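Please have the sequence and the model in view while I talk.

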Amino acid sequence: NNEIASYGDALEELKGVVNDLLQDKKQYLLTGYSLFDRYYLLRPATLTIIAAFTGVGKSSLALNVTEAVARNGDAVAYYSLEMGAKQLTARIMARDTMLSSSRMLYDKMNDGEIGRFDMQAERLQNLPIYYDDKSKTSFSRLTTSIRAMVRKHNIRIAFIDYLQILANGSGDNREQLI
C-alpha cells in the first residue's frame with residue numbers, strides 16, 4: 001500500500017467520488033439527526049467522538065443512531081461495556097413499542113403489549129445490527145472483532161459505548177491507544 005500519492009492520483013480518486021455522488025451513491029451514513037446528516041459526521045474513515053457528562057443520553061443517542069443507520073440498510077456493530085446484546089435490543093425495541101426495556105426483560109406483559117412487541121419484533125427482525133459481547137475487554141480484541149465484522153457482515157460503522165473502561169493490557173498510555 002503506497003502512502004505517497006500525487007495530485008493527479010488524488011484528483012482521479014476525487015473524480016470517482018464526484019461520479020458516485022452523481023449516481024446517488026452516498027459517501028456518508030444517514031443518522032436521522034439533521035445536525036449529523038447536514039454536516040456528514042458519519043463518513044468513511046472518520047472518528048467521531050461524542051463526549052459529555054454522565055447521564056445526559058450518550059448511550060441513547062448512540063443506540064438511536066445505530067437503529068437509524070441499520071434501517072437505512074447499512075450494517076452496524078455496537079459494543080457496549082455496560083449492557084449485553086439482549087439489553088441493547090430491548091432498548092431499541094422500547095422506543096417503537098412504547099414499552100420500557102425493563103418491562104420486556106423482567107415483567108409479564110399483557111396481551112396488548114405482547115401484540116405490540118410481536119409486531120415490532122417482526123418489523124425489525126433483520127436489522128443489520130451486530131453485537132460481540134466477548135470482545136469488550138481489551139483494545140486488541142475490540143479491533144480484531146471490528147475487522148472480523150467488516151469482513152463477515154460488511155459493517156459500515158462501529159459504535160463503542162464507554163470506551164474509557166477498556167483495559168489496555170500493554171502498559172501504554174490509554175489516550176494514545178484510543
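Let me begin with a definition: I call it a salt bridge when a side-chain nitrogen of Lys or Arg lies within 4 Å of a carboxyl oxygen of Asp or Glu. Before I use it, please keep in mind that this is a predicted model, in which local features need pLDDT of at least 70 and side-chain atom pairs count only at pLDDT 80 or more, while totals for chains, interfaces and linings use all residues. Residues are numbered from 1 along each chain as its sequence is written, and side-chain values use heavy atoms, with hydrogens and water left out.

By that rule there are eight salt bridges, and I will take three of them in turn. In one of them, the side chains of R95 and E67 meet with N and O 3.0 Å apart. This pair links distant parts of the chain, since R95 sits in helix α4 and E67 in helix α3, 28 residues apart; helices here are DSSP runs of H or I with at least four residues, strands are runs of E with at least two, and both are numbered from the N terminus. As for burial, I use relative accessible area with a 1.4 Å probe and protein chains only, where buried means under 20%, exposed over 50%, and partly exposed in between. On that scale R95 is partly exposed at 41%, whereas E67 is buried at 1%.

The next pair is R156 and D74, whose closest N and O atoms are 3.1 Å apart. R156 is partly exposed at 38%, while D74 is buried at 8%. Salt bridges that share partners also join E67, R71, R95 and D96 into one network.

What separates K15 and E12 along helix α1? They are three residues apart in that helix, residues 7-22, and hence about one helical turn; their closest N and O atoms are 3.2 Å apart in a salt bridge, and K15 is partly exposed at 41%. In general, an α-helix has 3.6 residues a turn, so residues three or four places apart point the same way.

Turning to the interior, a nonpolar core is a set of buried Ala, Val, Leu, Ile, Met, Phe, Trp, Tyr and Cys residues joined through side-chain atoms within 4.5 Å. The largest has 22 residues, of which L42, V69, V76, Y78, M104, I157 and F159 touch the most other members. Two or more residues come from each of α3 (58-71), β1 (76-80), α4 (85-97) and β3 (157-161), and α3 gives the most, with five. A second, separate core of six residues includes A75, L142, M149 and I155.

Finally, α4 has 13 residues and reaches 18 Å from its first C-alpha to its last, close to the 18 Å expected at 1.5 Å a residue, the expected span being 1.5 Å times one less than the number of residues. Its buried residues are L88, A90, I92, M93, A94 and T97. Counting contact as heavy atoms within 4.5 Å, what covers these residues includes α3, β1, α5 (101-106), α6 (111-124) and β2 (129-131). After α4 comes M98, whose phi is positive, near 60°.
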